[in-house]
Amino acid sequence: MSFPADSVPRRRVGTSGEGFGADFLVLDAEGRTLRGLNPTAARIWALCDGRRSARAVAEQVASEFSTDVGPVLTDTLRFLGELQRKGLLDEVRAPAGAAPLEDS
């Protein structure tokens with residue numbers, strides 16, 4: 001199961017991500033290290049601020065990494081679903097008729 005493309009991902013309150021040299025680690029609210037992220041995944045994590053849709057996150061990542069959005073969207077949605085299952089991410093649905101902010 002993947003994350004819905006039009007939903008807005010937001011890092012769960014209390015979670016954090018920190019870069020240590022070439023490594024990027026995500027901590028849950030209890031301070032346990034749950035995941036080491038590669039640069040692409042770390043960028044996705046950073047963009048999950050509750051302001052842009054999952055689709056907009058994928059579009060931003062594809063633009064920054066100069067690659068096609070199709071495969072990036074598929075991988076982003078799968079990754080967001082995994083973060084959600086691990087309790088690191090919440091899905092915020094935009095109010096009816098309102099679009100989330102889309103930053104580029």
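This is a short talk on one predicted protein model, going from confidence to the core and then to a few local contacts.

First, the ground rules. The model is predicted, so local features need pLDDT of at least 70 and side-chain atom pairs count only at pLDDT 80 or more, while totals for chains, interfaces and linings use all residues. Residues are numbered from 1 along each chain as its sequence is written, and side-chain values use heavy atoms, with hydrogens and water left out.

Confidence next. pLDDT is the predictor's confidence in each residue, from 0 to 100. The protein chain averages 87, and 88% of the residues score at least 70. Elements here are DSSP runs, numbered from the N terminus: helices are H or I with at least four residues, strands are E with at least two. Residues 100–104 fall below 50 in pLDDT, yet that stretch has 15 contacts in the model beyond near neighbours in sequence. A contact is heavy atoms within 4.5 Å.

Now the core. A nonpolar core is a set of buried Ala, Val, Leu, Ile, Met, Phe, Trp, Tyr and Cys residues joined through side-chain atoms within 4.5 Å. Buried means under 20% relative accessible area, exposed over 50%, partly exposed in between, with a 1.4 Å probe and protein chains only. The largest core has 24 residues, and Leu37, Ile44, Trp45, Leu80 and Leu83 touch the most other members. Helix 3 gives the largest share, six residues.

Which residues of helix 1 are buried? In helix 1, residues 39–47, they are Ala41, Ala42, Ile44, Trp45 and Leu47. They pack against strands 1 to 4, helix 2 and helix 3. Trp45 also has Arg11 over its face, at 5.9 Å from the ring centre; the criterion is NZ of Lys or CZ of Arg within 6 Å of the centre and within 35 degrees of the ring normal.

Last, Asp28, in the loop between strand 3 and strand 4. Why does Asp28 count as buried? Because its relative accessibility is 6%. Leaving out residues up to four places away in sequence, Asp28 touches Gly14, Thr15, Leu34 and Leu88. A polar atom of the Asp28 side chain lies 3.0 Å from the backbone nitrogen of Glu30.

Strand 4 itself, residues 33–37, includes Thr33. Beyond neighbours within four places in sequence, Thr33 is in contact with Leu25, Val26 and Leu27.

Conventions: Polar contact = N/O pair within 3.5 Å; in protein donor to acceptor, adjacent residues only side chain to side chain.
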